[in-house]
Amino acid sequence: MSQRITEISSTKKQIVTVGTTRPVRFTQIHRYESLASFALTMLIICLAFAISEVFPFGELAPLREDAIYQYSGFFGWFSEVLNGNASISYSNAKGLGGPTIGLFAYYLASPFNVLMAFCDPSDAPKAMSIIIILKLSTMSCASSLFLKKRIGLTGGSNIILASTYGLAACNFVSGSNLMWLDGMISLPLVCLAIHHLKMKGAIAPLSLLTGAAIIANWYSAYMVCIYSVFWTVLEICFDRKEHLLSKKNLAFFLQYCISMVLGACISAALFLPTILDLLNTGSAPTMNSSQNLEILNTVSPVAILSKNYIGDMSIHPSSIMMTGGLFIFSILVIGFICFLFSSLPIRIKLPLLLVLILIVLSELSPLLSLIWTGFSRAESYNPRFHFTVIFTLMTGAGLFLKFGNRQRFIPILSGALYIGIMMLLIVRNGYNSQRAAALQMLMASLTSISLYFLTSGVRDKSKVKDIGSISYKIIEVLPRLGITLALIIEAAVPITLAFDISNPEPHLNVNHFKDYYDSISQLSSIGNIKGSFSRSEHLGISYLGKGSTTFPTGESLALDIKGVNHYSSTGTQASKELLGSLGYNGINGTRGITYYNSPLAIPDTLLGISSIFASEDATAPYGTQVVGSEDSDYGHIVLHQYSRTADLGFVLPAARVDTSLESEDPFQNQDSLSYALTGVGDVYNDIDIILSGDPRSESNVSLAIPVDTQGAIYLYVSSNKPLSLSCNGRFIQNVNEWEFSSNIIYLGTYNPGDNVTVKISTLDQSPIENISLTARQLTREKYEAIIRSFDQVCADTVEWSDKRIGVEAISQDGSSLVLTIPYDPSWEIKVNDISTSPIDWNGFLLIPLQEGKNLVDMTYHIRGLKEGVIISLLGIISTCALNVVTTKSKHRK
């Protein structure tokens, strides 16, 4: 029997196998590999979670970085949406208010998230833990289907190889971005659909799968679409019957392009509103000047290869020390090397190798990585498209196991090459643990030896006298058991390291999280926050515990606590600039991240922030009193409340419409806003600062602030370096850290003659260099004058809910209504039943009024929804019609 490969292709329900022209029909292939891969992946994850005491086997959530900061709150909000308590299109708890269709499409559109309908917001981390397990197991299931239907790999080899895709270490260390896992699930299915298109001419599977992938998560679907171009070319290369540029192949590529376009059309019901939302909010992919410089830098190849280390699951990239995060199973690497050394045709090996090289080059070069990330944010914890590396390696290893397994010593040589390279890297870069390094080499050796016996054992059953003998079963079973053992160990170790409680990365305890949410909810009811118009914020307390940086989280959305902070990739840049101009947050960055850095009595009162959740040791905000407190596992929470805050709307006189908030001095912007809305100006007194030390050459300086009158003192710090700030020996906070650089800082309320000494120092002990410092004092007289003005200048809020606002206002002399929500043209506004268009007023929403009494009714509509639904319907109809035509045409041929 010939040992050469005759062809790797399939027609109808047959695959031509190694050394024979006898077809193997799908009805003869084992039926349960996909379910077994699902079960094996789930079993290994549960084993690792049990060892690490991760939920559901402990109290620790399998969440990292952004999943803790952002997604837990978003999933809690989605629970409210599914239960009819929140709107999917708009939320007043997203900063000052903002659209949420883009947030839903990016973070929450996965069908797995329906599980949140059965969970309370406080149980979001528990539900997310279950969803992660289900998604990873489904990834293995999808890859098993691909290996079976496309390559013809069945049995134990299929189950083991498919499980490596769902258990890849990159799935656990890339910030727990569980929303991207849907794209990873779709990749094997899309590639299989492309093969189905080539063999049968059916465009429907590819179009529908592409549309579903974009709906589930458009970002990871984009990466899948990029890879699908390469896979289409691979399918052409794999077909040895046709010339690469034959009419048949060109027609196939054209059908692929049409299928992808139709898939995008099918997703338009959600994707079109999402695009319009991102464009409107300023959160669409962009590149700033610093990124333009960074894309010229290239990551060291050694740094990338060094991340294939089982002993450290550090989430942050490093080009110096040995760091993990991209560990790849030895069966994949050794199997792919075997594939390259095998006797498979060069027309098969070379294209797959080139695809792998291109992806790896993209991981090395931020410039190339922009192709995969939609030309936005090349930097990340680890390459976001690393799952395509895993899939490519899996495909090559699968081809070797199915078609190239006659070369007896290739597994040993491949294993030796892999072990040698990793040992050189470990010697060059060092390692965190001798045991981990030895374990990695041992597992690679076990895999290599097992692969040798698996591929060189008894093959032709006709020559075996007793196939049912124990010796034959041992020869068949033991190699697979060896590879399975290596797989289990290589999967469990990185997972346990990633969620080890001693790891310095933040962790989330599911029970502490629930307790904290319950405490905040209880305080919300005490403070009477929900219901009529009111906003609230956090000060030095969140489920992250107390920290040196004021950090926004997603809990406001989940608990419907309406404030100014919002942290997501779908934030509104205009809101960030507005709040930055008032002193709440820095204005650097382009992701629309807003946060409540420090209590600021003037803008707090004007924006209606009536209540503040704070840690018990936080400085009491000026003008507030304590109305309640609760104990939680993250500390004692105190609820402060202002005596009076403004309503949602202000009647703005025509003479003040031209007011601008464009000063670089946030104190001046606060004063301008106060005068425009209330008629009270000059709200701050200037304070002289006595500086001790030279910031140009010293790492710390001291400020003496003299106090002449009673009132609140605020300090504005502007610097390019991260700084630590303390007042009268008491640490206040760090400033200018990452995108959460602070702005104005509240130092406390002081009386005449009090001593106020501020110490500022750099975090890295380097000279401070350039720094700008401005101090102001707010007096009680001006503050109380602003409060008294609310009876005359504020409109009456009739209704304030997600998607709908009702306001009554009386206009004189051409005045307008200013609402303290961000400007958004998607609002449908009627004034006394007459439609009118909103106007952008310094980032706020302004509505022209009629003379006399005005009843303003506002309803939020998702832009592009109707058009998107129509395009989706047309896409589905066109897909079905073309599918009939192309399949019939293929059948006739």
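In β9, the bridge partner of S632 is G635.

Two notes on the source. This is a predicted model, in which local features need pLDDT of at least 70 and side-chain atom pairs count only at pLDDT 80 or more, while totals for chains, interfaces and linings use all residues. Residues are numbered from 1 along each chain as its sequence is written, and side-chain values use heavy atoms, with hydrogens and water left out. Helices (H or I, at least four residues) and strands (E, at least two) are DSSP runs, numbered from the N terminus.

Back to the strands. β8 and β9 run antiparallel and are joined by 8 bridges. They belong to an open sheet of 4 strands, in the order β6-β7-β9-β8, with mixed pairing; two strands pair if DSSP finds at least two bridges between them. β6 and β8 (624–632) are at the edges with a single partner strand each, so one side of each has no neighbour in the sheet. Neighbouring strands here are turned by 20° against each other on average, direction ignored.

Now β7, residues 609–615. This strand is mostly covered, with 7 of its 7 residues buried; buried means under 20% relative accessible area, exposed over 50%, and partly exposed in between, with a 1.4 Å probe and protein chains only. Strand β6 (residues 535–539) runs parallel to β7, with 5 bridges between them, and R535 has I609 as its bridge partner in β7. On β9 (residues 635–642), β7 has 5 bridges as well, and that pair runs antiparallel. There, I612 stands opposite H640. Across β6, β7, β8 and β9 lies helix α21 (residues 510–526), running at about 150° to β8. For such angles, axes are lines fitted to C-alpha atoms, for helices over the stretch in contact, and values run from 0 to 180 degrees between N-to-C directions.

Next sheet. It is open, has 4 strands in the order β10-β22-β26-β25, and its pairing is antiparallel. The edge strands, each pairing on one side only, are β10 (649–652) and β25 (839–841). From one strand to the next the twist averages 35°. β10 and β22 are joined by 4 bridges, and G649 has L819 as its bridge partner in β22. Helix α25 (residues 666–678) packs on this sheet, touching β10, β22, β25 and β26 (844–848), and its direction makes about 75° with that of β10.

Is T820 buried or exposed? Its relative accessible area is 1%, so T820 is buried. Apart from neighbours within four places in sequence, T820 is in contact (heavy atoms within 4.5 Å) with L96, F533, R535, L606, L607, L648, F650 and F844. R535 in that list is also the residue bridged to I609. T820 and G843 are 23 residues apart in sequence, and their C-alpha atoms are 9.0 Å apart.

Of its 9 residues, 8 are buried, so β14 is largely enclosed by the rest of the structure. β14 runs antiparallel to β17 (residues 744–750), with 6 bridges, and G711 has Y750 as bridge partner there. β14 also runs antiparallel to β19 (residues 771–779), with 9 bridges; V717 stands opposite L773 in that strand.

Last, two helix pairs. Helix α5 (residues 155–166) and helix α17 (residues 386–403) pack at about 165°, their axes 9 Å apart. That makes α5 roughly antiparallel to α17. Angles under 35 degrees count as roughly parallel, over 145 as roughly antiparallel, 65 to 115 as roughly perpendicular and the rest as oblique. The contact residues include L161 and Y165 of α5, and F387, M394 and L401 of α17. By class the contact has 9 nonpolar, 3 polar and no charged residues. Ala, Val, Leu, Ile, Met, Phe, Trp, Tyr, Cys and Pro count as nonpolar, Asp, Glu, Lys and Arg as charged, and the others, Gly among them, as polar.

How do α7 and α10 pack, and at what angle? Helix α7 (residues 181–200) and helix α10 (residues 247–266) pack at about 135°, with axes 10 Å apart. That makes α7 oblique to α10. The contact is made by I194, L197 and K198 of α7 with N249, F252, Q255, Y256 and S259 of α10. These divide into 4 nonpolar, 3 polar and 1 charged.
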